Amino acid sequence: MLGFKVWAILYLFILDVTSSEEDPCDSANYDVINDVWRAPTYVTPAGESQYCDATIREGWYKPEGLEMPKTAPALNKCGTSFPIWMNDNLPTSTSVTQVKVCVKTFFSECHHTWDIRVKNCITFYVYELKQASLCNAAYCFGDAEVKCTDTSGNQSDCTASPYVTLTAKVTHEPYTTQTVIAGTPSILRGFMFRCNISSDEDLMDYVYDIQWFINDNSIVTHRNIPYTNLTQTGLHQSEWNGTYRLGFLVKCGVRARNTEDQVPTAYIYSKPFYAGFKTDLDEYTVSENGQTNITIRLTVPIDCGLPIEYAQLEWAKALYCKVTIRVLIPNDEDSEVQCTRGGLSDEPVVFSKSGCGVQFKYNEWRTPINITVYGSADGIIPTTDQNMMPSRTTRLRFKIDEHVTCPAWTNASKPDILVHVLDKDEALSGRECHVQTDPHIKTFDGKHELHEEYGEFILLKHDTLPIRIHAVFDKCWQERRGSCTCGLAIRYIDEVFVLNFCKKHIGKQWEIYEDVNRVAEMRACDDSHMTVEFNSGSYTVTLPHGMTIHIRLHLGALNVHIFMIIIKASLADWKATRGMCGFLDGDPDNDFLLRNGEISNAFGRSWSLQNEDGGSLFDTDMALEDIPLPLIQYCSCHVGQTSTSVVIASVHCNLTSTITACANRTDFTGYVQQCDNYRAKRGTHGYLHRSKRSSDEDTEVPRFGLVIDETNMDSPDENITWINGWNESLAEEACRNAMDNDPMLTKCKDAVAVMNDATANGIQECIGDIMLSGHTGYMSSTLKALQQNCRIEAERFENLTTQGKNGTNTTTFFDELLELSCPNNCSGNGNCTKGVCICHTGFHGESCILELETAPEISVDATTCSIDRKLCKHFVIPGINFIDVSLTCRLRLLKFYIDRREVVGSPMVFTARYINDFSCICSIPDSVRRRRSANIEEVFAEGYLLSISNDGINFSHETTIIAYDPGCYDCNATSMNCTKLAGSCDSTTAANAPKQPTVPEDEALPLEAICGSVVGIFAVVGISAFIFFKHKTSIRVHNTMPSTSIGNIRRDIDQMDELRTSRATLTLIDLEVN
């Protein structure tokens, strides 16, 4: 017995849980019945078929504010032959209750009967309907007909409702009321909904029932209202605000009676009226790098609640009575932004910088506002059905936050809309700009040029974005013909990345001991605009809009040059590029554009650096010319958190392009960061100008200004012959064997169609290199360039970079390519992992060919450092074979006298900082820099003999650095001596005194510094006058300066004697007056 009770209790518990989980009162669990023909008064018009519920879907239904009649309707009513009615009472409790229903036929009012379930949902009932037992039979909903009584007292069915045709329409109108908002007496200018009734007949003869619904839920019913009082049946804000949020459907139902006790007509319902804000469409389509407008409009006014004293003030209404609709991208698992293989954000759309939303003013709510949506490219060519347009889809969410002064609009929302972004990345397949070896130049659209001229040239100048890419071409090392790329500079806004391996005199023949640059540096005030990644002799520069520049170096003891530059454009570059890379539009015929827009095969010289270009990007002493920022900037908008009442948005604005790169730099390995060598002055365009200053973080890079030898600028002689036993046939055979036998290229050509043409062009370039040089030394460079091109192209295709079908293949085609791409197969001293050599213990370098015992080779024998501009503490040492393990500097201190130089003290060993394979930094310890000779003999300069080791044992040869004051002495690094300048310095110990860098006279000073100078001069003059007259007169001085300022002036007075004997008194801008 106990067991039975337990099971019974458990059964009831389960039944209760099940019913609570599937509450039929929940709108998700019922369908709405609003068929006019189900009214007991409805008669099917002649010629129309009657309805039958023998096939109705069984389940829960909610009639529109109506009930099933409890008396039998007449035959042929309710749109059917045999009406179904309820032979029972409706439940008063909220539990699910069984009731009996009957079918009226010719034979009986309850010929057929069965049970259905009903639930009282407080403001309405829901019915669980079953299929009828015969046809034509249908359920009735609505008031039953009244019985008419004849003179004998007999009752019969009759119709007493008026014969009138009504229509209803929901409108809105304003109203004003006094209320309390946030505890303050206020005036609310709100709005109400009105049910407007119309008919061809005189409506004054009837009384009406008005029902209001929001989202099909009954809100309020007004019964037996005379026509003259219908204005009192509006749906006010107070009847729904707080329960419903704008963004709902409101409708009204109306029926008429002759008199209050007569049978009404069937309810006539208005079309649902959408109250809130809406967009013109639920789905939009935009192309990558294209745009479309989403129109947002309000359908009801903006209510305005203000304290009584402000309610009539127009400025208060304009300031506080407005609605901001934010547009956001939901951040769920399906829409979370990620990086693609192409290095771009896969975020599908961005918005204009006006913000992630729009704002409506209370008195301009009827005016629709457009939001411009821009399609953002992801750099990936998707795999799709041939009959389908490839696209990505995102949802856009619209949200209004809480508004104290606009309570009706608080947390209003609307359903998300869809935006389909059509893919256009395929247009860029095979469209990279190449610069390699001689250099062979291929424009974006595939036009080829053999460029053998010397000087600085503009590879790319962007029409809409602040981008410049310059290259320097010079004679190749020990070659009779051709030119090589010795320098590359990439500028984005105020940041410049520079690779400079050029000798000082461009165009002249190479000399072994000529001054040669070994510079890899980022000159910038911050690092927000471009990302530079370094990997053993190669760089990848990523610009914010998705353009990437791939660079590979040839590293030699006496010669370093750039043998490959590949510029991969993004869709933001489409029809926006000029320069030697051509005009990117898919048409090679218009690539050779001159500066004036004409087309010429001799266009290369047109893009040599001119005065109009604002100066060389390799000149560190020249201020950057302003490049205007794009007129349109963009915002990325995401939802960080969602709930019924809170939306936290993550908004990233100031994007200069619709396309966003997502590469992140983790360190400064690969180049010298020169950010700290500049001070910033805000320019007219909002970004930074720079002028040199000195700091303890100064890094002294040996650099030599580029001098263009105009006498060697003419194009080389075209009459060139084969040498060293080569001819065209032998060269073609050698090049074809090298390209066709490379396993990576062979695999790549099978899957990436454009690589077949690229390889064919590479073979022709290889043949030309052999003809010009007489050897195959450039063949490996051409092969590496083709391999890099293969990687770039393969990364574009979704099917080559994703895993196999159903996740069964864990290795992608792209992964297989990378396993074949390691240089020299890691020399047998390492494993190739994702295209990078993982060297075995004891081996290092890009191809694992270096051992730790290998001593670096320094490429600069001697250089100087001017202590009037630098602290001469951190020195970049150029060379090759630097290994980032135990890199060590060894130093010997030098002193230069009038007739000799001496090595002072013992050698010191300290840690070097690795930059890349061809440079490192030695920072002189303070203990060395503080050493002072006891010798009273005048020291002209101090110097350092520096050598580098990878293991702390085997050191390179020494390079000499001389640190001196050019205001007093002239030192020559080549001859290793110093001379004193006549009349420049009187102190015999000037070189022993610590020096502070000063600003050179030819350095342009910012306006703030000039103003500071003037203030400083007047302050000094004023102070001097004050001291002079202090004891001579009794002038009363009105003190208007803060005490802290007076304290600063007094300290300045105390220091004036010291300042007077120092050279610093000549630079009055160093005196600060607060």
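Which residues does serine 287 touch, not counting residues up to four places away in sequence?

Author: The model is predicted: local features need pLDDT of at least 70, side-chain atom pairs count only at pLDDT 80 or more, and totals for chains, interfaces and linings use all residues. Residues are numbered from 1 along each chain as its sequence is written, and side-chain values use heavy atoms, with hydrogens and water left out.

Leaving aside residues up to four places away in sequence, serine 287 touches Gly375, Val421, Leu422 and Lys424; a contact means heavy atoms within 4.5 Å. Serine 287 lies in strand 18. Strands (E, at least two residues) and helices (H or I, at least four) are DSSP runs numbered from the N terminus. Serine 287 counts as partly exposed because its relative accessibility is 25%. On this scale, buried is under 20% relative accessible area, exposed is over 50%, and partly exposed is in between, with a 1.4 Å probe and protein chains only. The C-alpha atom of serine 287 is 8.1 Å from that of serine 376, although 89 residues separate the two along the chain.

Serine 287 stands opposite leucine 422 of strand 26. Glutamate 283 has leucine 418 of strand 26 as its bridge partner. Leucine 418 is also the bridge partner of arginine 395. Strand 25 and strand 26 pair in the antiparallel sense, over six bridges. Strand 26 is mostly covered, with five of its six residues buried.

These strands belong to an open sheet of five, in the order 18-26-25-21-23, with mixed pairing. Strand 18 (283–287) and strand 23 (357–361) are the edge strands, each pairing on one side only. From one strand to the next the twist averages 25°, taken between axes that are lines fitted to C-alpha atoms (for helices, over the stretch in contact), with angles from 0 to 180 degrees between N-to-C directions.

Glutamate 288 forms a salt bridge with arginine 392, the closest N and O atoms being 3.0 Å apart. A salt bridge here is a side-chain nitrogen of Lys or Arg within 4 Å of a carboxyl oxygen of Asp or Glu. The pair joins distant parts of the chain: glutamate 288 sits in the loop between strand 18 and strand 19 (291–298), arginine 392 in strand 25 (residues 391–399), and 104 residues separate them. Glutamate 288 counts as buried because its relative accessibility is 3%. Arginine 392, at 18% relative accessibility, also counts as buried.

By this rule the count comes to 37 salt bridges. Another of them links glutamate 314 to lysine 317, with the closest N and O atoms 2.8 Å apart. This pair is local: the two residues are three apart in helix 2 (residues 314–320), so about one helical turn separates them. An α-helix has 3.6 residues a turn, so residues three or four places apart point the same way. Lysine 317 is buried, with a relative accessible area of 8%, whereas glutamate 314 is partly exposed at 46%. A further salt bridge joins lysine 749 and aspartate 740, 3.6 Å from N to O. Aspartate 740 counts as partly exposed, at 33% relative accessibility. Salt bridges with shared partners also connect Asp209, Arg223, Arg255 and Arg257 into one network.

Of its 1074 residues, 50% are buried. Among contacts between residues at least 6 apart in sequence, 65% join residues at least 24 apart. The protein exposes about 51,200 Å², of which carbon and sulfur atoms supply 50%; the areas come from the Shrake-Rupley method with a 1.4 Å probe, and for residues only the protein chains shown count as cover.

Methods. Pairing = 2+ DSSP bridges.
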